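Hi,

Here is the structure I promised to pass on. My notes on its sheet and helices follow below.

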Amino acid sequence: PPPMLDHQVVWAVRPAQGCLEGPAYGDGSGKPPAGQRRLRCGWSVVQFVQQKGFFVLTAEIHGHLPGLHQDVPASEAYGFLMYLQHVGLGPYVYHTDCAWVLTTWQGGREHSTGAKHVHAGLWRRIFDKADEMGPVSIVKVKAHVTQTAVRDGHADPWHKAGNDYADAGAKREAQGHPRCEAADKRCEQSFKVVTLLAKYLA
């Protein structure tokens, strides 16, 4: 079956004020059963606090990447757009592990919204929304940081918690697109056979 086409936002944890406030962490993810054509993607944006030594979610929104074209960079940028559309008070700071989102944002409209640019329509929506707000900044964080790295002082525990929360939500949404398990299984088996043959012939 095709991916979901409609836009959908799910509040897994909705704050009392009804919207995000201030900095947040976001992520996009893809679920590839076999090959790019069957890739399905999702996004997630989270906020949290620390209570008695534990990180606790105070806000989480997530959803699937809508549209026939599915790829992970688009889901990463879509998460950024959803942050901009659902945040109230600033400061507006978006944390992401996607270098492409950071560099595209830093490049500005002229380097992202022309006909030759990837996902130009999505980036036009991002810049249009950002223009209505105050200053917006993006902070790049590391992906999949280990607890050992945090313990040894090589990684920020806040960044790890934010990226982990957002990554988990995005992965759940990527799996929420319609699926045909039988077709996925056939594709995976065919993919394995082709891979083995390619290695043998090489």
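Helix α2 and helix α3 (residues 120-131) pack at about 60°, their axes 12 Å apart; axes are lines fitted to C-alpha atoms, for helices over the stretch in contact, and angles run from 0 to 180 degrees between N-to-C directions. Helices (H or I, at least four residues) and strands (E, at least two) are DSSP runs numbered from the N terminus.

At this contact (heavy atoms within 4.5 Å), Trp100, Val101, Thr104 and Trp105 of α2 meet Trp123, Ile126, Phe127 and Ala130 of α3.

This is a predicted model, where local features need pLDDT of at least 70 and side-chain atom pairs pLDDT 80 or more, while totals for chains, interfaces and linings use all residues. Residues are numbered from 1 along each chain as its sequence is written, and side-chain values use heavy atoms, without hydrogens and water.

Now to the sheet. Its 6 strands form an open, mixed sheet ordered β1-β4-β3-β2-β5-β6, where pairing takes at least two DSSP bridges. β1 (10-13) and β6 (136-140) are the edges with a single partner strand each, so one side of each lacks a neighbour in the sheet. From one strand to the next, the twist averages 25°. Helix α2 (residues 99-107) packs on the sheet, touching β5 (92-96) and β6.

Happy to talk it through!
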